[in-house]
Amino acid sequence: MAVAETGVVHYPSRKVRTWFRGLSLVTALSVFALVVLGGVVRVTGSGLGCPDWPLCYGSVLPPLDAEAIIEYTHRVVASALVGPLVLATCGLAWIVFRSERWLTIPATAALLLLVAQAILGGVTVVNELPGEIVLAHLALGEALLGCMVLISIVAYLGPPSLPAAGWAGSFPWLSLVAAGAVYVTLMSGSYVTNTGATGACLDWPLCQGDVIPEHRLQMIHMAHRLVSGIVGLFLAFVLYTGIRQRNRPESIRLVSKGIAALFLAQVLIGAVIVWLKFPADFRALHLGMATAVWGAVVVLAALSFTAPRLPALEPADA
């Protein structure tokens, strides 16, 4: 990753590269924490804990009320932690690595997503949590996490490259499709919540003993389970491919095993939620685990495109 000026290629110092790698990793983790915290706001019904925006009941500090504190904490993390970190990542990418498009483009996209998410957050509160805006808010948050994961992988390992032709090079594309499928599954789960269909099915894996229920909310709930099942089978195939093929880098095999464990835990948590009659803490854990699966699959996809380029693009004498 270099900066070109007046025809001369200059490589950033090792210290600058190390700082950027650390910054991108911390930013990705903070975005993950923000998305999970947003899930806590949602499942605890704290979305209108502060009915105004950007203040809370017209004050800088929220009242001593659980819902207000949860909602305002989410806002503070977004504005005081995630916002500056994403801005710093984007700024440093353009200042130091502006010739590396695999850093500047996703960094710019991340900043735009953050701004759009902040606007939607305000619109959500002002309009008293309309379902479609809440869904869009989550979609932007998960996309922001994906951007930051990509930036972090590129910062550590260098830019990706196209895989070899044929079946041997199909795994990166399969992992990329898997990432998109997991994202769709996340959105389908959010739609279940937005439509009030969370508690429509009181048993698992069936819905009141039926595979195809008759009522609308039950159909929405079961549709999410169906999507999860189909995506789960496809993801299992992709992970099996990543684990079993011995010519894969060890990092891909380890990440594949980690995703498999996360996904199985996610399915189990989903079943437990139904059996325990939808407790808020398990619902928050369900969204957090789903976000972890999404982030991990993005890591897998980025690694699978980057692994053939190892080691990272750095000068030998750096």
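A disulfide here is a pair of cysteine sulfur atoms within 2.5 Å. The model is predicted, so local features need pLDDT of at least 70 and side-chain atom pairs count only at pLDDT 80 or more, while totals for chains, interfaces and linings use all residues. Residues are numbered from 1 along each chain as its sequence is written, and side-chain values use heavy atoms, with hydrogens and water left out.

The sulfur rule picks up two disulfides. In one, C50 pairs with C56, the sulfur atoms sitting 2.0 Å apart; the angle about the S-S bond is -80°, which makes the link left-handed. C201 and C207 form a disulfide too, again with 2.0 Å between their sulfur atoms, and at -85° about the S-S bond this link is left-handed. Counting bonded cysteines along the chain, the pattern reads 1-2, 3-4. C50 is buried at 0% relative accessible area (buried means under 20%, exposed over 50%, partly exposed in between, with a 1.4 Å probe and protein chains only). C207 is buried as well, at 0%.

Turning to the nonpolar cores (sets of buried Ala, Val, Leu, Ile, Met, Phe, Trp, Tyr and Cys residues joined through side-chain atoms within 4.5 Å), the largest has 55 residues, and V31, L235 and V297 have the most contacts inside it. Elements giving two or more residues to this core include α1 (14–43) and α4 (131–157), with α4 giving the most, 13 residues. Helices (H or I, at least four residues) are DSSP runs, as are strands (E, at least two), numbered from the N terminus. Beyond its neighbours within four places in sequence, V297 is in contact (heavy atoms within 4.5 Å) with residues including A178, V182, L235 and I259.
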